[in-house]
Amino acid sequence: MKSDSVKLKLGVVGCGAIGSRIALSVMKELKGRFTLCALYDIDQAKVKHLTGRLKLRGGAVTTLDDLIRRSDIIVEAVNTPATTDIVRRSLKAGKNVLVMSIGRLLNDSSLFYLAQRSKGQLLLPSGAVAGLDAIKAAALLGITSLTLTSRKPPAGFADNPYIKEKGISLKGLAKDIVLFDGKVKDAVRYFPQNINVAAAVALAAGVKAKLRVKIIASPEVKRNTHEVVLEGAFGRITTRTENTVCPDNPKTSYLAVMSGIRTLQEFSSNIKIGT
Ligand SMILES: NC(=O)c1ccc[n+]([C@@H]2O[C@H](COP(=O)([O-])OP(=O)(O)OC[C@H]3O[C@@H](n4cnc5c(N)ncnc54)[C@H](O)[C@@H]3O)[C@@H](O)[C@H]2O)c1
């Protein structure tokens with residue numbers, strides 16, 4: 001879409017840290033390309049708060065169906081398993097959908113088949129990790145080993161049920177502790193709030209690559225840090241991304257929010273760089 005053509009109507013599902021920041025960008029930097037037409041959250045107080053903050057009149061909706069009906073493109077930014085339902089309903093309605101909770105898609109391949117048949121596009125931002133473009137290119141030659149090591153400060157794992165169940169205490173941690181070492185499908189199941197990065201790397205590399213995920217609580221790191229190492233006929237690649245947190249939610253990396261905004265920008269201009 002060129003800047004002088006019709007603007008796309010955009011609806012946001014989930015008015016938390018990411019949804020709010022994206023909504024703000026749509027009304028500022030992206031206003032030449034999109035019109036913010038609808039906001040929805042299961043917590044209606046958040047919708048009210050955000051429409052007030054943005055001075056958006058008539059944009060508050062009370063059902064997902066209403067939001068999908070009004071929008072050309074839907075931004076999913078919820079923190080519950082509802083992601084797959086939101087994506088399915090959007091694609092079935094022939095609408096484009098940008099998915100922030102990419103980790104929720106990994107165990108549901110039916111959504112990717114649906115996207116191939118739908119008039120709408122499934123947009124997956126790179127999130128909080130660098131180098132997905134190179135991983136996709138490397139996968140064409142074959143990846144023989146692929147490891148993602150995610151290190152976070154112990155506070156980043158507060159209230160994780162898997163850690164509680166295993167009886168692991170992170171209080172006063174003096175050195176790194178490996179919380180998980182295994183397959184990506186298990187990683188996204190046990191660490192749903194923390195592991196969108198693993199899903200993004202796995203989807204870029206493809207199923208044959210057999211991603212190994214290590215999750216480490218580290219008293220030494222101040223930033224959520226992701227190292228990706230892969231080898232194959234292309235050579236060897238190592239990337240390291242150190243994320244500052246989003247001012248509105250300490251569990252979310254700022255880069256992830258910006259990658260959503262950047263994906264919208266590229267989608268609206270039909271120019272895709274590094275994807
Ligand atoms: N791709 C990435 O790299 C990446 C990085 C960070 C976060 N995320 C993901 O993005 C998502 C949003 O993150 P956030 O920081 O904005 O979370 P947040 O907790 O700040 O906000 C989530 C919002 O979703 C709402 N919500 C929950 N279930 C809903 C439903 N069924 N319908 C409508 N609204 C619903 C909640 O009320 C809340 O307002 C999370 O799933 C997070 O894991 C992805």
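This report walks through the ligand site and the strand pairing of the structure above.

The model is predicted, so keep the ground rules in mind: local features need pLDDT of at least 70, side-chain atom pairs count only at pLDDT 80 or more, and totals for chains, interfaces and linings use all residues. Residues are numbered from 1 along each chain as its sequence is written, and side-chain values use heavy atoms, with hydrogens and water left out.

**The ligand site**

Let's start with the ligand. It has 25 residues around it, and the closest are I18, D41, V78, S101 and T252; a residue gets into this shell if one of its heavy atoms lies within 4 Å of the ligand. By type, the shell splits into 13 nonpolar, 9 polar and 3 charged residues. Here Ala, Val, Leu, Ile, Met, Phe, Trp, Tyr, Cys and Pro count as nonpolar, Asp, Glu, Lys and Arg as charged, and the others, Gly among them, as polar.

| Residue | Protein atom | Distance to a ligand oxygen |
|---|---|---|
| I18 | polar backbone atom | 2.8 Å |
| K46 | polar side-chain atom | 3.1 Å |
| V78 | backbone N or O atom | 2.7 Å |

Taken alone, the ligand exposes 870 Å², and the protein buries 89% of that (Shrake-Rupley areas with a 1.4 Å probe). The ligand takes up the space of the largest pocket. A pocket is found on a 1 Å grid over the protein atoms alone, as an open set of points with protein on both sides within 12 Å along at least five of seven lines; a molecule sits in one if more than half of its atoms lie within 2 Å of its grid points. Helix 1 (17-27) and strand 12 (249-253) are the elements that give two or more residues to the shell. Helices (H or I, at least four residues) and strands (E, at least two) are DSSP runs, numbered from the N terminus.

**How the strands pair**

Strand 12 also has a partner: strand 11 (residues 245-246) runs antiparallel to it, joined by 2 bridges. Two strands pair if DSSP finds at least two bridges between them. Strands 11 and 12 make a hairpin with 2 residues between them, and C246 has N249 as its bridge partner.

Elsewhere, 5 strands form an open, parallel sheet in the order 2-1-3-4-5. Strand 2 (34-40) and strand 5 (122-123) stand at the edges with a single partner strand each, so one side of each has no neighbour in the sheet. Within that order, strand 3 (residues 73-76) and strand 4 (residues 96-99) share 4 bridges, with E76 partnered by V99.

Technical notes: A polar contact is a pair of N or O atoms within 3.5 Å; within protein, one must be able to donate a hydrogen and the other to accept it, and residues adjacent in sequence count only if both atoms are side-chain atoms. On a 1 Å grid over the protein atoms alone, a cavity is a set of points where a 1.4 Å probe fits but cannot get out, and a pocket is an open set with protein on both sides within 12 Å along at least five of seven lines; lining residues have an atom within 4 Å of a point.
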